[in-house]
Amino acid sequence: MELPVTNPADPGYGQQHQHQQPWPDYRTWAPVLPPAGFSPGTSSSVAPSCQPFHSTAAPQSRPADMGPMWQLPSVPGGTVGSGFTQQEPCWFPSPPHCNGVLKPVPDVNSPTQMAPQGINSQPTSPVSSPKSESRYGMDPQLLPSVVQVLNEDRAQWEGKVFTSESQSSVPPLSTTPCTLEDRGNATARFVRSTSYSFPVEAQTAQQSHLPLAAIFCPLAKPENQERAVPVCEVGECVKGCVECGAFMSPAMSWQDCGQRFFCPFCSKLTEVPWQSYQPTNKGKRIDQEKRPELSLGSYEILETQKGEPAVLLLAIDVTAIAIRSGQLDFICQQLCSLLLSLDRQEDTDQSDLRVGLMTYDSRIHLYDLSPTLSRPHMMVITDTEQLELPVREGLLVPLKDCRQIVESILHQLPLFDAETQESSGSQDLPVPAALKILQAADCPGRLLVFHSSPLTESLDKQGSTGFFTSSKPKSIFQAPDSSTLLAKACISQGCSVQFFMFLQQDVGGAWPGHIPFLTGGKLICYNSLQSEVERERFCGDLRRSVNSEMAYKAQLRVFVSKELCVSGCYGAFLASPNSRCVAMAALDWRTALAFEFTHSKSLDETRGVAIQAVLSYHTSRGEKRTRVHTVTLAASQNLLDTFRTSQAETLLTFYCKKMYCSALETPLQCLREELQMEITEALACYRKHCCTTSVSPGQLVLPQFLKALPVYINSLRKSEVLLPGLRSSVHQRLQLRSLTVSMDTRSTAAQFYPLILSLPVNSEGCSVSSMELAVRCSASSLQSESLYLLYCPLTLLLWVGSRVPPEALTQLFNTSCFSSLMSGEINPPVLDNPLSVTLRNLISTLQSYADITLKLKVVKEGDSCEEYLQRLLVEDKSPNGGASYADFLFHLHVNSLRRVAGC
């Protein structure tokens with residue numbers, strides 16, 4: 001019988017998505033014996049068979065030959081295998097977990113203990129839908145589980161210290177609470193590599209189909225009592241390489257008793273100035289431990305130069321719509337409260353913060369806030385196309401000198417007569433005006449725009465840029481030329497733009513988010529400010545935007561070993577011809593960027609690979625700083641080492657940034673096919689070149705740290721950005737892409753595999769950690785008798801089963817009737833009971849991970865809004881037609897077998 005081959009043109013598969021479901025009872029597994037004579041490089045007539053074998057070796061105790069194996073069920077007519085094959089050398093499976101509950105491990109040498117039994121203990125799915133079923137008869141419960149991967153890593157590293165040294169091993173996952181210690185290599189808080197062992201030869205790297213890349217989060221915050229990045233004066237630091245400009249780091253090797261050092265980034269020698277000379281002992285300078293640049297992978301240099309401090313500009317929509325809706329009144333109230341809190345802060349420079357104010361409709365209104373004036377002066381600019389400032393003085397004034405003046409203006413704005421105001425305003429007006437003000441003051445700053453009127457069409461009037469008139473194919477994700485030019489000017493000046501939109505409009509008008517996301521800001525939309533939930537959300541986002549520390553006029557340069565070159569950079573920035581250098585108007589501690597590397601010649605296995613990221617930026621106080629992160633990775637002739645030291649969540653982050661950036665130029669169908677092809681080729685390569693024992697065709701073989709990669713990649717393939725659904729508006733997809741492309745590794749992993757926590761419904765509440773409550777992202781994991789909290793960086797949802805005990809409903813919502821419970825956004829009542837406390841504590845913890853204020857949305861089982869939940873169940877077939885996890889993995893396995901067999 002031929003291997004079952006999937007037709008890539010099959011419309012049912014072309015729009016599939018990935019899903020996962022909880023592990024079955026461990027007692028139902030049956031041993032499988034491989035067909036005699038099968039080797040990894042040969043084809044076989046045996047169809048994929050059933051039952052899994054998964055290993056859970058500790059992260060620092062990897063198998064000597066290959067990763068875990070799972071048996072895939074056969075298609076109709078195929079031969080069904082039975083059981084699993086243990087690998088050599090001896091590598092025993094660890095106890096599996098089922099939703100955080102440890103299952104007993106039977107003796108692998110005793111087939112009788114592995115005999116098939118019933119699965120009466122398995123809960124039935126409350127969502128009676130075929131979305132959880134596989135087209136090929138596969139049981140999703142038997143597939144590798146992201147939840148189990150996270151729990152295993154957590155059990156290995158939680159509360160412990162991981163030492164980041166030169167050519168160190170794979171670090172803990174980003175979700176694991178542990179301490180990362182810098183011992184000469186930048187920790188994984190700042191730099192994560194797709195693999196910690198690069199292939200020596202370019203041909204080997206191409207053969208593996210694993211990208212060689214690094215994810216940089218240069219301003220990440222330390223966690224778990226980790227020490228902050230040390231700061232040293234520029235005159236006290238040992239200078240770096242004079243040939244290539246790389247900064248001093250532990251990757252430099254000293255020669256001639258410390259008189260010169262070898263730079264791995266350009267392979268040149270640099271003489272050490274006599275002022276910085278110190279002798280060496282066993283190849284290390286004797287003052288190494290006293291100097292951060294010699295002993296640590298991350299450090300920061302404080303320059304002597306000091307620029308102008310950053311300013312805060314407020315732009316408020318004062319159209320008739322804003323006045324009538326009452327939104328203008330609430331916005332002004334919150335701004336007054338915000339300015340008061342900033343002015344009263346002690347031990348900070350916020351009271352010295354310079355503030356500017358403008359209002360707009362179809363015109364720009366500037367305000368002279370000089371404290372010497374008896375009353376503020378308003379200047380109206382009607383010629384907005386050739387905008388010139390009527391005055392320069394008084395537009396930016398220290399908050400301590402102008403707070404009362406600004407408050408008086410804000411109190412008067414809602415009193416304007418709506419009948420005499422313009423009916424509509426343009427969202428394109430505030431940014432050019434703010435840029436003129438910043439250029440006149442020669443300073444960076446942050447612009448907050450509060451827009452309430454309907455969106456208008458872009459001011460871009462170049463006919464050649466039209467969607468249908470251009471000879472070059474256009475993507476909906478491409479910014480108009482006018483927005484691109486304006487964003488470039490903002491980047492040069494260090495102007496970060498943030499839009500607050502208060503309207504319900506998914507279609508019509510130009511999307512205003514291009515400039516915010518290209519300048520380190522964001523676009524946050526609200527349905528209205530009429531509900532209490534939306535008002536609290538706006539207040540939280542406003543304070544978060546103003547209080548978050550930002551780096552302005554930033555430039556990130558990347559250096560890599562001479563044998564490699566930077567072949568691509570991806571993130572929320574404007575691309576430039578020089579892929580090694582990225583300029584940004586501003587960035588915060590959550591911003592992450594991806595850089596891809598390719599071989600220019602063979603690597604030196606002894607020296608390994610050195611990667612350095614240098615971020616030059618200005619603080620909000622005007623200080624000029626340079627932050628340096630350096631990592632040294634291993635280089636190996638063995639292809640297996642590259643697979644062993646790869647991490648699925650880092651690969652997901654890289655692929656997400658690359659695919660979402662490539663969507664500007666490449667058709668989405670091509671991107672989805674590229675993702676599928678890359679992971680298929682990678683699995684085929686691993687099976688063919690890294691398996692030293694014979695395995696049957698029915699056995700799916702995955703590297704230890706890539707068990708979660710298929711479910712991650714399938715979730716990315718069927719995301720709304722790459723596979724739009726019928727109810728996906730263009731504005732929603734633009735917003736989703738822009739928010740996701742700048743996420744760090746932890747947020748990206750949660751975005752594509754949401755965290756689902758099972759809440760206790762008993763009276764004792766919950767005393768276990770949040771991850772021990774996690775279940776798989778599948779409808780079959782949701783039981784009608786339970787409550788589940790679903791989290792991703794953009795969503796917080798509480799699913800209530802139809803048979804939840806009335807006592808639990810009373811503890812959470814102060815009502816015992818399921819039918820009287822309303823779906824939608826709510827503020828959970830503050831009640832003094834264990835369940836309510838548990839929920840509020842979890843929400844508080846999850847909110848600290850999110851970049852925007854999340855409001856809890858209640859979804860009842862059986863409600864029409866349950867489709868919103870289905871988008872988060874990434875292991876099931878998604879509403880936009882994406883394949884289930886089981887079906888996607890089946891296709892990967894079959895197609896990888898074809899490539900191994902040379903078909």
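Reader: Are Phe-502 and Tyr-526 buried or exposed?

Author: In this predicted model, local features need pLDDT of at least 70, side-chain atom pairs count only at pLDDT 80 or more, and totals for chains, interfaces and linings use all residues. Residues are numbered from 1 along each chain as its sequence is written, and side-chain values use heavy atoms, with hydrogens and water left out. Buried means under 20% relative accessible area, exposed over 50%, and partly exposed in between (1.4 Å probe, protein chains only). By that rule, Phe-502 and Tyr-526 are both buried.

Reader: Which ring forms an edge-to-face aromatic pair with Phe-502?

Author: Rings of Phe, Tyr and Trp (its six-membered ring) pair if their centres lie within 6.5 Å; planes under 30 degrees apart count as stacked, over 60 as edge-to-face and the rest as tilted. For the pair in question, the centres are 5.2 Å apart and the planes are at 80°, and the partner of Phe-502 is Phe-538.

Reader: Where in the chain do Phe-502 and Phe-538 lie?

Author: Helices (H or I, at least four residues) and strands (E, at least two) are DSSP runs, numbered from the N terminus. The two residues are 36 apart and link distant parts of the chain: Phe-502 lies in strand E23, and Phe-538 in helix H11 (residues 532-547).

Reader: Over which ring does the charged end of Arg-535 sit?

Author: A charge sits over a ring if NZ of Lys or CZ of Arg is within 6 Å of the ring centre and within 35 degrees of the ring normal. The charged end of Arg-535 is 4.4 Å from the centre of the ring concerned, that of Phe-330. Ring pairs also link a cluster that includes Phe-502, Phe-538 and this residue, Phe-330.

Reader: With which residue does Arg-746 form a salt bridge?

Author: A salt bridge is a side-chain nitrogen of Lys or Arg within 4 Å of a carboxyl oxygen of Asp or Glu. The closest N and O atoms are 2.9 Å apart, and the partner of Arg-746 is Glu-223.

Reader: Why does Arg-746 count as buried?

Author: Arg-746 counts as buried because its relative accessibility is 19%.

Reader: Which residues are linked with Arg-746 in a network of salt bridges?

Author: The side chains of Arg-189 and Glu-226 meet in a salt bridge (2.8 Å, N to O), and both residues are buried. The residues linked with Arg-746 in the network are Arg-189, Glu-223 and Glu-226.
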